[in-house]
Amino acid sequence: MSYDFKAIEAKWQQYWAKNQTYKADNNSTQPKYYVLDMFPYPSGAGLHVGHPLGYIASDIVARYYRHKGYNVLHPQGYDSFGLPAEQYAIQTGQHPAKTTKNNIERYRQQLDRMGFSFDWSREIRTSNADYYKWTQWIFLLLFDHYYCVDTDKAQPISQLIDRFQKEGNSQFAAICDADTPIFSASEWQDYSEEQQQELLLKYRLTYLAESEVNWCPALGTVLANDEIIDGVSERGGHSVTKKSMRQWSMRIGAYAERLLQGLNTIDWPEPLKEMQRNWIGKSTGANVQFAIAGHAEQIEVFTTRPDTLFGVSFMTLAPELELVQQITTPEQQEAVTAYIEKTKQRSERDRQSDVKSISGVFTGAYALHPFTQERVPIWVGDYVLAGYGTGAVMAVPCGDQRDYNFAKHFDLLIPNIFEGIDISEAAYAEKGSTPLCDSDFLNGLAYEEALPKVIEALEAAGKGKGSVTYRLRDAIFSRQRYWGEPIPIYYKNNLPCPLTLEDLPLELPAVEKYLPTPEGNPPLGNATEWGWDEKARKVVAVSEIDHQTVFPLELNTMPGWAGSSWYFYRYMDAQNSQAFADKKAVDYWQDVDLYLGGSEHATGHLLYSRFWQKFLYDLGELPVDEYAKKLINQGMILGESAIAYRKPGTNSYVSKGLVGDAKMEAIRVDVNLVNTSYELDLDGLRAWQPQFADADFELEAGKFIVGTEVEKMSKSKYNVVNPDAICDRYGADTLRMYEMFLGPLEQAKPWNTAGISGVHSFLKKLWRLFFEDEKLRLSEEEPSAAAYKSLHQTIKKINTDIAQFSFNTCISTFMICVNELSAEGTASRKIVEPLVVLLAPFAPHIAEELWEKLGHKESITTAGYPIHDEKYLKETEKEYPVSFNGKMRFTYSLPLDMDKAAIEKQILAEPQTQKYLEGKTPKKVIVVPGKIINIVL
């Protein structure tokens, strides 16, 4: 019976779907294990062979834990809101929902072909209204809460209002906007309703405020910092500029310290945790107040080195600060304005990372040193960011290299306040034991002594105070897009009013155009049905808006990360229409035991989701404040690009072996036109693209051989390998095992289709272990000790390696075992049956088929995973090297418990020994039991 993988895989995929083999139970008495993949965005291109890597790894773990007796939740769904579908809608007019539906159908076909054990009864799509209803609900919860510093958690806004009524806002600490005024209880009561609501917006965890945003004109939307790469949009590479807009934001900064400390409690990759630590950017120091000569305003700076205050020789302000225009002198106005406009063309990331370019403009204004009252020139420089700290820097060029470079460039003073340090070539930025000089009351003190003393002096003088700041800024939440979750807000007197849970979902309206309106409003401004009838509690026509009973709805939508910030809990109870998830289900599943996904989400999804988790935990909606115990970032499968070498300025191509030292142009061609010997299908190439139809090709030995280059798999490099083609030719089990065999899960590794045949040959060899001449070779006989040893070594190794997520070494171990058992010729049920179960997480289709052939009626999923028995691993014999005068001539196996005399007697009687003795009598026989035998002649 041959290994007909196509028939076998189709059979068992149908069986699993029909019997819902992998459906998890919310009412189980078994221990739980929740393994989750970052759900995919369903793009039109479908999956390539790099995408399933993490899914295969998680599927192995899910299947393994089912065999171990766990109730396993292994769901899948789609992060189905996204910009590509909207861009396609703009180009074609086709509704994004239709494009997304078609793409999901394609993804589902591909995922099913690879035999993943997903519980599809829990499938979610973030663009379905029954899902985003609960995303909108979380938004409303955030809108209805503030962050109380005293309790260190989110509290209802109603409690804040009660406190304002009784005592104003001066007697307690709550996270709020920096410009929030201090008011008494009587002042609060005298405020109008509109004034009170404006003040509450300064406390709400999701709030509306004027913000400097990254605006992408080509995409017509605001972008988050993590959506910008090298100063351009991640999607499409479009230019990005700064723009002031009234935007919804999330007060993630309130959770900065908890996000930081929470990293110590989770088993996530250390490089990723370090990325989050740096993104959060905790700094300890002091806020210092500088008066401005001739102005009532003051400049507040945050510094981690207030001990260097006497080294300040200039100040630098972020160009975005309103204060810049207020203090700039008429003589400097033109230069400053031009500089501000120029800065708007650069992203914050670009400004932070570009340490080589030095630019700035003098405002003409001067600050006053808080202790000496000396005049300090105020400059504008784009290396200072408005969103970090206060947007102002007290420049100490002798102690900061960037300040030093700025001062050198503009010929500014560089006073030296470090005793015995030469700063003629560079700044001295160490927080060491070097004493200060020319620093008044700090003279002779090193950092540790000077820091508390200067903070004490600042506080005593009313010029500053000790402080902790974070680089983490509140997250812009608005997007000027159509294809996203509608924000459940309507506007009354230009103030936001929330819908209620009973009003949800607020569904996306139909629009004729997906572009912004002619007036510059977001695409939802094109909707004809987008007014809110406050009394009827429903959406009505825009024409009915009268600002009395019918009001305009929010035109912005939510960002892509909104729906992905809580989806792991929806899987626990995906069909619930009354709650985001039933409390019993949440209490049972608790959190994700294993989460797999890419490290590129470190400062996006993986940070925002932790923020929402902690917020919902504060409200008692969730039982834990971190949602994933363990995270693995799988490495990337790189593509092997095929390169045809073209003579410069011609349409002539040269086979790789004929290139030599000649200068050539490297032209990438479709890797699917190249066979495993790197020979290019020239007929296929000519048909592929018109520029090759009339091309000339210089062949070597009648073949055209391409060069190769390992790089990221992408359509633009023509190196994408479709998993469907691999499944057609080799089968899903081969694909699964080969991807694991490529190398350690966390590392990047190149794809090489030529190497897949080795894994396929292994599966055929496994099949032959069971079948010979179309017949099952199964035996009920007792296996040999060697067969037992081989099996139990494999069981031990596989269990150990799965626990360490070392799947590549698992595949190697299987190959060794099957080779040993094939050589042994064993077909004993006691050997092959555990072997099939052992293999099932890796190659589930062939395992199910062999399990059935062994006489079982139930799916192999119900079988317990094998556990090794140490008794089969104990060594009973030793393969001795037998040497003559120190030269090893042959090996001989003897029992380990045999004593020296018996060993000597048996080895001298051995015919091979007699051959080398050649009739001579040995002078001596050296025996070291368990190690060597040496015969001295």
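Tutor: Two strands are said to pair if DSSP finds at least two bridges between them. Please keep in mind throughout that this is a predicted model.

Student: Which order do the strands take in the open sheet of four strands?
Tutor: The order is S34-S33-S36-S35, and the pairing is mixed.

Student: And which are the edge strands?
Tutor: They are strand S34 (887-895) and strand S35 (924-928), each of which pairs on one side only. From one strand to the next, the twist averages 20°.

Student: How many bridges join S35 to S36?
Tutor: Five bridges join them, and the two strands run antiparallel. Strand S36 covers residues 932-936. As one example of a bridge, lysine 924 has valine 936 in S36 as its partner.

Student: Let me step back to the whole chain. How many helices and strands does the chain have?
Tutor: There are 28 helices and 36 strands in the chain. Along the principal axes, the C-alpha atoms fill a box of roughly 115 × 75 × 70 Å.

Student: What percentage of the residues is buried?
Tutor: Of the 937 residues in the chain, 53% are buried.

Student: Changing topic to cysteines: how many disulfides does the structure hold?
Tutor: The structure holds zero disulfides. Cysteine 398, for instance, has the sulfur of cysteine 437 as its nearest cysteine sulfur, 8.4 Å away. A disulfide requires the two sulfur atoms to be within 2.5 Å, so cysteine 398 is in no disulfide.

Student: Is cysteine 398 buried or exposed?
Tutor: Cysteine 398 is buried, as its relative accessible area is 0%.

Student: And what about cysteine 810?
Tutor: Cysteine 810 is likewise buried, at 0% relative accessibility. Cysteine 810 is in no disulfide, and the nearest cysteine sulfur, that of cysteine 817, is 12 Å away.

Student: Now for charges. How many salt bridges does a search of the whole structure find?
Tutor: The search finds 46 salt bridges. In one of them, the side chains of glutamate 123 and arginine 108 meet at 3.7 Å, N to O.

Student: What does the pair of glutamate 123 and arginine 108 tie together?
Tutor: Glutamate 123 is in the loop between helix H4 (96-113) and helix H5 (129-143), while arginine 108 is in helix H4, so the pair ties together parts that are 15 residues apart in sequence. Arginine 108 is partly exposed, with a relative accessible area of 27%.

Student: Where do glutamate 626 and lysine 614 lie?
Tutor: Glutamate 626 lies in the loop between helix H18 (605-618) and strand S24 (631-632), and lysine 614 lies in helix H18, so their pair ties together parts 12 residues apart in sequence. Their side chains form a salt bridge of 2.9 Å, N to O.

Student: Buried or exposed, those two, glutamate 626 and lysine 614?
Tutor: Glutamate 626 and lysine 614 are both buried. In another salt bridge, lysine 717 meets glutamate 711 at 4.0 Å, N to O. Lysine 717 is partly exposed at 26% relative accessibility, whereas glutamate 711 is buried at 12%.

Student: Which residues are linked in a network of salt bridges?
Tutor: Lys11, Glu849, Glu852 and Lys853 are linked in such a network.

Student: How many residues of helix H26 are buried?
Tutor: Helix H26 (residues 844-853) is mostly covered, with eight of its 10 residues buried. Among them are Glu849 and Trp851. Glycine 855 follows H26 and has a positive phi, near 105°.

Note on methods: Residues numbered from 1 in each chain as written. Predicted model: local features only at pLDDT ≥ 70, side-chain atom pairs only at ≥ 80, totals over all residues. Heavy atoms only, no water. Buried < 20%, exposed > 50% of the residue type's maximum accessible area, 1.4 Å probe, protein only. Axes fitted to C-alpha atoms, helices over the stretch in contact; angles between N-to-C directions.
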